[in-house]
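Let us walk through this chain together, from the overall layout down to single side chains. Please keep the viewer open as you read.

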Amino acid sequence: MLALLLQVFALWSVAAAVLVHVCEALAFMHDLGYAHRDIKSENVLVEHDQRPDGTYLVRGVKVIDLGLACAINDDLTRGESCGSRGFMAPEVNSRGAYWYQ
């Protein structure tokens, strides 16, 4: 049972490491004045090594597919609904107004 718990913890720690990198990439984009608008698992590339014990070491994370990205202050494109439905925020999915403040 302890071995299983350690494996689960190892998987969660890898997921947390990937999430931190994705958040840093999105924060960098936002600092430059852009929004990705289609963030999902398919648009995150993870470079990793597998250790002898079967766990993974994350070496790098890249956010890709900037085809729907727009300038945060661009009123024309910011209001349009776009992205992958299953990954869209509810307010975007319902076509309600949203904006960056």
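What follows starts with the whole chain and then visits a few residues in turn.

First, some ground rules: this is a predicted model, in which local features need pLDDT of at least 70, side-chain atom pairs count only at pLDDT 80 or more, and totals for chains, interfaces and linings use all residues. Residues are numbered from 1 along each chain as its sequence is written, and side-chain values use heavy atoms, with hydrogens and water left out.

The chain has three helices and four strands, arranged along the sequence as α-β-β-β-β-α-α. Both kinds of element are DSSP runs numbered from the N terminus, with helices being H or I of at least four residues and strands E of at least two. Of the 101 residues, 25% are buried; that word means under 20% relative accessible area, while exposed means over 50% and partly exposed lies in between (1.4 Å probe, protein chains only). Among contacts (heavy atoms within 4.5 Å) between residues at least 6 apart in sequence, 50% join residues at least 24 apart. The accessible surface comes to about 7,500 Å², and carbon and sulfur atoms hold 62% of that surface. These areas come from the Shrake-Rupley method with a 1.4 Å probe, and for residues only the protein chains shown count as cover.

Now turn to helix α1, residues 2-31, where you will find Trp12. With a relative accessible area of 61%, Trp12 is exposed. Together with Met1, Leu2, Leu4, Leu5, Leu6 and Val8, Trp12 makes a nonpolar surface patch of about 830 Å². Patches take residues with over 30% relative accessible area and no salt bridge, joining like charges within 9 Å and nonpolar side chains (Val, Leu, Ile, Met, Phe, Trp, Tyr) within 5 Å. A salt bridge, in turn, is a side-chain nitrogen of Lys or Arg within 4 Å of a carboxyl oxygen of Asp or Glu.

Is His36 buried or exposed? At a relative accessible area of 3%, His36 counts as buried. Its side chain reaches the backbone oxygen of Ile64 at 2.9 Å, and a polar atom of that side chain lies 3.4 Å from the backbone nitrogen of Ile39. Setting aside neighbours within four places in sequence, His36 touches several residues, including Leu26, Met29, Asn43 and Asp65.

Arg37 sits in the loop between β1 and β2 as well, and is buried at 18% relative accessibility. Its phi is near 70 degrees, a positive value in a residue other than glycine. Asp65 also has a positive phi, near 60 degrees. Most residues other than glycine have a negative phi. Asp65 belongs to the loop between β3 and β4 (70-71) and is partly exposed at 41%.

Thr55 lies between β2 (44-50) and β3, and its side chain makes a polar contact with the side chain of Asp53 at 2.7 Å. A polar contact is a pair of N or O atoms within 3.5 Å; within protein, one must be able to donate a hydrogen and the other to accept it, and residues adjacent in sequence count only if both atoms are side-chain atoms.
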